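Work through the following exercises with the sequence and the structure at hand, and try each task before you read its solution.

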Amino acid sequence: MTQGQSDRGAVTAEFAVTLPPIVLVLVGGLTGISAGITQLRLEEAARAAAREVMRADQPAAAAAVQRLAGDSAELILSVEGRWTAVEVRSSLTLPVLSLLPLELSADAVAFPGDGGLPDGIPSTG
């Protein structure tokens, strides 16, 4: 048997052994990038919703969350003393990880306003 015949198929076997770890690293990296982008969108949506809460416009806050974070995002408003806490939640949706319940959230706090009206003027709506 010559040297060429004994090495036959070695490259195929090495490729078959190294391919799964390469795919796992690639999927992990893409998942991390997707999670980071989703988190940034949630942070921006929470800030925008807090600004709308300060303007006393809760429907606009919900619309801002849907516009910035997507239709799967959920807006949660809670009152903590004189402050309103704004939390935006969304699940991380990836085809490979659809069975894992990965949920991301972002929050902001706002002092609820009166819609920009001067002091002493009651709101009509």
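**Exercise 1. Find which residue of S2 is the bridge partner of Leu 77, and then describe the sheet as a whole.**

Solution. In S2, Leu 77 has Val 86 as its bridge partner. Before going further, note that this is a predicted model, in which local features need pLDDT of at least 70 and side-chain atom pairs count only at pLDDT 80 or more, while totals for chains, interfaces and linings use all residues. Residues are numbered from 1 along each chain as its sequence is written, and side-chain values use heavy atoms, with hydrogens and water left out.

Step 1: take the terms. Strands (E, at least two residues) and helices (H or I, at least four) are DSSP runs numbered from the N terminus, and two strands pair if DSSP finds at least two bridges between them.

Step 2: take the pairs of strands. Strand S1, residues 74–80, is antiparallel to S2 over seven bridges, and Glu 74 has Arg 89 as its bridge partner in S2. Strand S2, residues 83–91, pairs with S3 in the antiparallel sense over eight bridges, where Thr 84 stands opposite Ala 110 of S3.

Step 3: look at the turn. The hairpin of S1 and S2 has two residues between the strands, and in this hairpin Gly 81 takes a positive phi near 70°.

Step 4: The three strands form an open sheet in the order S1-S2-S3, with antiparallel pairing. S1 and S3 are the edge strands, since each pairs on one side only. From one strand to the next the twist averages 20°, where angles run from 0 to 180 degrees between N-to-C directions and axes are lines fitted to C-alpha atoms, for helices over the stretch in contact.

**Exercise 2. Determine which strands helix H2 touches where it packs on the sheet, and how H2 and H3 cross.**

Solution. Step 1: Helix H2, residues 10–54, packs on the sheet and touches S1, S2 and S3, and its direction makes about 25° with that of S3. Contact here means heavy atoms within 4.5 Å.

Step 1: Helix H3, residues 58–69, also packs on the sheet, touching S1 and S2, with its direction at about 140° to that of S1.

Step 2: The axes of H2 and H3 come within 8 Å and cross at roughly 165°. H2 is therefore roughly antiparallel to H3, a term for angles over 145 degrees, whereas those under 35 count as roughly parallel, 65 to 115 as roughly perpendicular and the rest as oblique.

Step 3: The residues that make this contact include Arg 41, Leu 42 and Ala 45 of H2, and Ala 61, Val 65 and Ala 69 of H3.

**Exercise 3. Identify which residues touch the most other members of the largest nonpolar core.**

Solution. Step 1: A nonpolar core is a set of buried Ala, Val, Leu, Ile, Met, Phe, Trp, Tyr and Cys residues joined through side-chain atoms within 4.5 Å, and buried means under 20% relative accessible area, exposed over 50%, and partly exposed in between (1.4 Å probe, protein chains only).

Step 1: The largest nonpolar core has 18 residues, of which Leu 42, Val 65, Ala 69 and Val 88 touch the most other members. H2, H3, S2 and S3 are the elements that give two or more residues to this core, and H2 gives the most, with six.

Step 2: Not counting residues up to four places away in sequence, Ala 69 touches Arg 41, Leu 42, Ala 45 and Val 88.
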